[in-house]
Amino acid sequence: MLQRITVEGTITPSTFLAAGARRTVTRTAFVEKLISKGFIRVVDEPTVVESQPVTEEETATEVPARNAKREVWAAFLSRLDPDIQFTDEDGRDDLIALYESRG
């Protein structure tokens, strides 16, 4: 079962969600990280939805722009199969290098 929550962008700049904008999203590790770092805040209680089979469109991932924020690159690397391991100390350039050097 998936948890869906409504979040709102905060004053802290983020490419995920503009300040004051709201979006209903699935609660994932990436969303939890954005919440913990103050980029977004929860404005609606979670709702539980039945998980749907993942389609090929949903599994397709587009490589972020080289100037995209570190959080975007981290989320992208985590979605790859197999995912690329990195640490919180790795910067955006480190994450790009890890992606480009994968076998």
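**Salt bridges, pair by pair**

Reply: Arg-66 is exposed, its relative accessible area being 52%. In this predicted model, Arg-66 makes a salt bridge with Glu-100, and their closest N and O atoms are 2.5 Å apart. This pair links distant parts of the chain: Arg-66 sits in the loop between helix H2 (56-59) and helix H3 (70-79), while Glu-100 belongs to helix H4 (residues 92-101), 34 residues apart. Glu-100 is likewise exposed, with a relative accessible area of 52%, and the cut-off for that class is over 50%.

The count of salt bridges is six. Another of them joins Glu-8 and Arg-41, with 2.4 Å between the closest N and O atoms. Arg-41, at 41% relative accessibility, is partly exposed. Glu-8 and Arg-41 also belong to a network of salt bridges that includes Arg-22.

A further salt bridge is formed by the side chains of Arg-27 and Glu-32, at 2.2 Å from N to O. Arg-27 has 30% relative accessibility and counts as partly exposed. Glu-32 is also partly exposed, at 32% relative accessibility.

Key:
Residues are numbered from 1 along each chain as its sequence is written. This is a predicted model: local features need pLDDT of at least 70, side-chain atom pairs count only at pLDDT 80 or more; totals for chains, interfaces and linings use all residues. Side-chain values use heavy atoms; hydrogens and water are left out. A salt bridge is a side-chain nitrogen of Lys or Arg within 4 Å of a carboxyl oxygen of Asp or Glu. Buried means under 20% relative accessible area, exposed over 50%, partly exposed in between (1.4 Å probe, protein chains only). Helices (H or I, at least four residues) and strands (E, at least two) are DSSP runs, numbered from the N terminus.
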